[in-house]
Amino acid sequence: MLEKITLSATTTGTTGSATGSSTSSNLVTGFVHAAYLTIPSSGTATVTLAAQSAPSENILSLSAITASAWYYPRKQVCDLNGVALTYNGTAQQSDRFMVHDYLTLSTTAATTAKTFQLDVFVEN
């Protein structure tokens, strides 16, 4: 079943260096399939989606985003020896991010007093 988790970060500070963040209120367990980022009009930001607890890795990391869009985050997978897998010898093999944590949306280098929204679709 797909679950939609909505995170909203309202920025404060000076335009160009404003920041904001939001953390999911419930534990998220499953595989991240897609995310839709809503950028407010006249807004720009660097946006990061990550698991909250250590060890953590970024699930989505976008720089200087100015338009709303769909994203399908994937990570490179490896074999039992830690060697990156390839497909047909050229393209990288990838898979969805697995999550069992709270998700955090962070915005930096942003326009001030804007709310950035990320809808994350997780299969649980």
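**Charges, folds and contacts**

User: How far apart are the mean positions of the positive and negative charges of the protein chain?
Analyst: This is a predicted model. The protein chain carries 5 positive and 7 negative charges.

User: How many helices and strands does the protein chain have?
Analyst: Read along the sequence, the pattern is β-β-β-β-β-β-β-β-β-β-β-β-β. The count for the protein chain is 0 helices and 13 strands.

User: What box do the C-alpha atoms of the protein chain fill?
Analyst: The box is taken along the principal axes. Its dimensions are roughly 45 × 30 × 25 Å.

User: What share of the residues in the protein chain is buried?
Analyst: Buried means under 20% relative accessible area. The protein chain has 124 residues, and the buried share of them is 35%.

User: Among contacts between residues at least 6 apart in sequence, what percentage join residues at least 24 apart?
Analyst: Start with the contacts in the protein chain whose partners are at least 6 apart in sequence. Then keep those that join residues at least 24 apart. The share is 71%.

User: Which residues touch the most other members of the largest nonpolar core?
Analyst: This core has 26 residues. Strands giving two or more residues to it are β1, β3, β4, β5, β12 and β13. In soluble globular proteins, nonpolar side chains tend to be buried together. The members touching the most others are Leu37, Leu49, Leu103 and Leu118.

User: Which residues does Leu118 touch, not counting those up to four places away in sequence?
Analyst: Leu118 is among the core members that touch the most others. Its contacts include Leu37 and Leu49, which are also on that list.

User: Is Ser22 buried or exposed?
Analyst: Ser22 lies in strand β2, residues 18-23. Its relative accessibility is 17%. The cut-off for buried is under 20%, so Ser22 counts as buried.

User: Which residue has its backbone oxygen 3.2 Å from a polar atom of the side chain of Ser22?
Analyst: Beyond four places in sequence, Ser22 touches Leu7, Ser8, Ala9, Leu103, Thr104 and Leu105. One of these supplies the backbone oxygen at 3.2 Å from the Ser22 side chain. That residue is Ser8.

User: How far apart in space are Phe116 and Thr44, C-alpha to C-alpha?
Analyst: Phe116 sits in strand β13. Phe116 is buried, with a relative accessible area of 0%. In sequence, Phe116 and Thr44 are 72 residues apart. In space, the separation is 9.1 Å.

User: Which residues does Thr111 touch, leaving out those up to four places away in sequence?
Analyst: Thr111 is in the loop between β12 and β13. With a relative accessible area of 12%, Thr111 is buried. Its contacts are Thr11, Thr15, Gly16, Ala18, Ser42, Gly43, Thr44 and Phe116.

User: What type of peptide bond joins Ala54 and Pro55?
Analyst: Pro55 lies in the loop between β4 and β5. Omega of the bond from Ala54 to Pro55 is about -5°. The bond is cis.

User: What is phi of Ala109?
Analyst: Ala109 is in strand β12. At 41% relative accessibility, Ala109 is partly exposed. Its phi is positive although it is not a glycine, at about 50°.

User: Is Ala113 buried or exposed?
Analyst: Ala113 lies in the loop between β12 and β13. Phi of Ala113 is positive, near 55°. Exposed means over 50% relative accessible area. Ala113 has 61%, so the residue is exposed.

User: What distance separates the C-alpha atoms of Trp70 and Pro55?
Analyst: Trp70 is in strand β6. Trp70 touches Ala34, Ala35, Tyr36 and Phe121, leaving out residues up to four places away in sequence. Trp70 and Pro55 are 15 residues apart along the chain. Their C-alpha atoms are separated by 26 Å.

Key
Residues are numbered from 1 along each chain as its sequence is written. This is a predicted model: local features need pLDDT of at least 70, side-chain atom pairs count only at pLDDT 80 or more; totals for chains, interfaces and linings use all residues. Side-chain values use heavy atoms; hydrogens and water are left out. Helices (H or I, at least four residues) and strands (E, at least two) are DSSP runs, numbered from the N terminus. Buried means under 20% relative accessible area, exposed over 50%, partly exposed in between (1.4 Å probe, protein chains only). A polar contact is a pair of N or O atoms within 3.5 Å; within protein, one must be able to donate a hydrogen and the other to accept it, and residues adjacent in sequence count only if both atoms are side-chain atoms. Contact means heavy atoms within 4.5 Å. A nonpolar core is a set of buried Ala, Val, Leu, Ile, Met, Phe, Trp, Tyr and Cys residues joined through side-chain atoms within 4.5 Å. Lys and Arg count as positive and Asp and Glu as negative; His and the chain ends are not counted. The place of a charge is taken as NZ of Lys, CZ of Arg, CG of Asp or CD of Glu.
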